[in-house]
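Trainee: Can we walk through this one together? I'd like to start with charged pairs.

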Amino acid sequence: MESKTSERKQLLSKIATGNGHGEDSPYFDGWKAYDKDPFHPTNNPYGVIQMGLAENQLCFDLIKDWVLNNPKASICTIEGVDEFKEIAIFQDYHGLPEFRQAIANFMGKVRGNKVKFDPDRIVMSGGATGAHEMIAFCLADPGEAFLVPVPYYPGFDRDLRWRTGVQVVPVHCDSSNDFKITRTALEDAYERAKEANIKVKGLLITNPSNPLGTIIDRETLKGLLSFINEKSIHLVCDEIYAATVFSQPGFVSISEVLEEDPECNRGLIHVVYSLSKDMGFPGFRVGIVYSYNDAVVSCARKMSSFGLVSSQTQHLVASMLSDDQFVDKFIAESKKRLAARYKVFTQGLEEVKIGCLNSNAGLFFWMDLRHLLKEPTDAEEMALWRIIIKEVKLNVSPGSSFHCPEPGWFRVCFANMDNETMEIALQRIRSFVVQAKKPKVPAKEKCWHGNLRLSFKASRRLEDAIMAPHSMSPHSPIPQSPL
Amino acid sequence: MAVGIEKPPVGLSRVAISQTHGENSPYFAGWKAYDENPYDEIKNPSGVIQMGLAENQVSFDLIEEYLKQHPETSTGGDHNSNFRENALFQDYHGLPSFRKALASFMGQIRVGRAKFDPDRVVLTAGATAANELLTFILADPGDALLIPTPYYPGFDRDLRWRTGVKIVPIHCNSSNNFQVTRQALEEAYNSAKAMNVRVRGVLITNPSNPLGATVQRQVLEDILDFVTKKNIHLVSDEIYSGSTFSSSEFVSVAEILEARNYREAERVHIVYSLSKDLGLPGFRVGTIYSYNDKVMTTARRMSSFSLVSSQTQQLLATMLSDKKFTENYIRTNRERLRKRYDMIIEGLKKAGIECLKGNAGLFCWMNLGPFLDKPTRESELVLWSSIVHEVKLNISPGCSCHCSEPGWFRVCFANMSEQTLEVALKRIHDFIKKQR
């Protein structure tokens, strides 16, 4: 039976039998833990809270209102069904003109109207996931590489490499300078690739950054432009979190810097965008490739046949995003709510001396738990992570999943839950940290876990006590923790 | 070298530079002619009539009627949380209710002769994505898929462009109504072997595009035996299965497998889409239905690059779960397509033109062989050019479908009103009269 299976396995391609899909990684344990025991305020209040999913759920009330007030935007309503046929047969890979116009308009507004986008350069793709793969297919041959600063979104390993055969060469960044990208690090990475006989075709940056939540400053962006021009390589900028910049300094898009640099070879610059984060529509699969290179626009457009946006969705998005009043209100309100969330978390963590990287964008913060590691190693980080999942019941993402070279950092998402859940999550982190800081007692691993479990149950009692002010006891119910 | 694509200062990939996307082929002249001078009943009655686009526009009224009577379709029933949940849903397993509805719809098309398990349905953005995806899974760069000619021109791009996989033709001709023979299969396999190319599978379209005919049961059995013998895969693109004029004439490979108790089913994969049967190409709804667990799992993971919009999944889940609607739609659609087919065959016959006997699809396979100067590809293209520029009909020449016999043309009939079809038939009639 086994030989038949392996015989069968050979019947599939190398791409199919390899693990380029990325799902064999240990990080799926966090997801599994959540799936098996998902938090629910009433049905499962001690379940795992999902803080590993970078979703933006803060402004659906605004969107729902708009949808209810604009029935024509849907081709299924009485008001909109007259357009059903025309939309249903529209499969032109150029996309609906009004869709492209609305996206160009939206992208401009998100950048404070400091740049204009040409609707004819907008190419659709199956989400940003599809966009990244498509750009890799256009710019690089199998075996060639992209430089990508660490820490980076784990999906890139699959999106850039799996079916394309393209490689990723990491560019080292660390907390010594708040993870900024330096010229030295870029040159270093480029040389490393050269020595390994790997041809570098481009540099991929995510701005605002996932997982850091920081934006790249103007000087650094200018530096990146001169680096890529010098080396004659492409620059792909993933600006998927552009509208999530919630406080100063303001977002500077590569498009803005490009306008100020007439020397730059525009044919090297490509922007990836999507509505999954800024609008909170990951299900709608609206991915965009915006290239300043005519040949890339042309090629990508043809390739987009493999991942076009549903015309039904194009129609809805075109309608929604051309409503200037709505868009302006949405962008402003979204920033406000994200800022408020960020503040609650970071202040709450500050009170228990947990630091975060100073950031002003994204749907997450980059939490510093280095001081809780017994040793600054990946193994220790994973051990701490497993405790956070199993004992604290939070699915957060360990820095190593983002290829962070410094152990101890964790990405914590905050925009995918309501206020109540947020409070509970914060409580749990705070209780855990308070436990973790108690003087260490040497103990075998078995006892260690046992005591932690006790302490967690006890901290739950503390939470109960806090939630029920009348039963406040002057004596702390929390026993000594061995940590 | 392609016109209009500037040589970039920094190299793009080989894939980007290659011509395998197929758009620089001469057949685009037909499309260009239509774009520059499109027919309109009132505004441009002497324009080019589009008969090169296999779209199904005969049954939209049924869908529009359904939507008008079921306003809850736009929200999936519950207005409150639904938009948010739907907008957030990006699970590559797909909406369970949609998978269930789609599996059921596929079963209904086969009149219950085959059942489909919703958990095996993998969703992709159109059959275009499905076919490419399967190729990535079943073959390595440099390997080949065997495909019977004539075939859908899009396969040249979908199966080869980014995958690096080759297509080796299985030659079919009119001597037996273009059916695949065992000999043709062997010949194709051997020619690949002679080129040192490894064959990974056979891909058939059933019902066939461009022939407009279903594949006979015996031929399906032969193909299944062949792929089993050679230990390769079989992909059956059944995108036109709901467009057979009579439900009893279509035999799906799924039925053959069932009759064989699913022996060797692991090498079989079905591709389907709602672009033709439901006339919804803009919605990008494709599916891979594989009997192989590893293929299914891998396909599902790969579908991340081309998922179906959750908004569209929601709409269609509601609509396709309405069995009364689907049964009526499938039956009415078949009747209307048959009527159109009869109309065009009759009209062409009157002009002295024969077609292949068809029983499915949105087009007929017309034989203009007797009107060629010489039985050559060049002659076919000259005749085609006259039809596009003088007769003002954009039809598809057989050579664009890799037909080895010159003189055949694919003519679409379901993407226009009956009036427009009458005008087209009159033009052909007059053109042929002039030829005599």
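Mentor: Definition first. A salt bridge is a side-chain nitrogen of Lys or Arg within 4 Å of a carboxyl oxygen of Asp or Glu. This is a predicted model, where local features need pLDDT of at least 70, side-chain atom pairs count only at pLDDT 80 or more, and totals for chains, interfaces and linings use all residues. Residues are numbered from 1 along each chain as its sequence is written, chains are lettered from A and ligands numbered from 1 in the order in which they are written, and side-chain values use heavy atoms, with hydrogens and water left out.

Trainee: How many salt bridges over all chains?

Mentor: The count comes to 47.

Trainee: Which residue does E133(A) pair with?

Mentor: R163(A). Their closest N and O atoms are 2.7 Å apart. The pair links distant parts of the chain, 30 residues apart. E133(A) sits in helix α7 of chain A, and R163(A) in the loop between α8 and β4 (167-171). Helices (H or I, at least four residues) and strands (E, at least two) are DSSP runs, numbered from the N terminus.

Trainee: Is E133(A) buried or exposed?

Mentor: Buried, at 2% relative accessibility. R163(A) is buried as well, at 6%. Buried means under 20% relative accessible area, exposed over 50%, and partly exposed in between (1.4 Å probe, protein chains only).

Trainee: Why would two side chains pair like that?

Mentor: Side chains of opposite charge can pair when their charged atoms come close.

Trainee: What about E333(A), which residues does that one bridge to?

Mentor: One partner is K336(A), at 3.7 Å, N to O. Another is R337(A), with the closest N and O atoms 3.0 Å apart. E333(A) and K336(A) are 3 residues apart in helix α14 (residues 324-350) of chain A, so about one helical turn separates them. R337(A) is 4 residues from E333(A) in that helix, again about one turn.

Trainee: New topic, the interface. How many residues of each chain are in contact?

Mentor: 77 residues of chain A touch 73 of chain B. Contact means heavy atoms within 4.5 Å. The area buried between the chains is about 7000 Å², and carbon and sulfur atoms give 61% of it. Buried area is the accessible area (1.4 Å probe) that two parts lose on being put together, summed over both.

Trainee: Which three residues of chain A supply more of its buried area than any other three?

Mentor: L11(A), R163(A) and F306(A), with 12% of the area that chain A buries against chain B.

Trainee: How many salt bridges cross the interface?

Mentor: The rule finds 3 between chain A and chain B. In one pair, E23(A) meets R301(B) at 3.0 Å, N to O. By class, the side of chain A that touches chain B has 36 nonpolar, 24 polar and 17 charged residues. Ala, Val, Leu, Ile, Met, Phe, Trp, Tyr, Cys and Pro count as nonpolar, Asp, Glu, Lys and Arg as charged, and the others, Gly among them, as polar.

Trainee: What about the phi of K393(A)?

Mentor: Near 60 degrees, a positive value in a residue other than glycine. K393(A) lies in the loop between α15 (378-390) and β11 (394-395) of chain A. K393(A) is buried at 17%.
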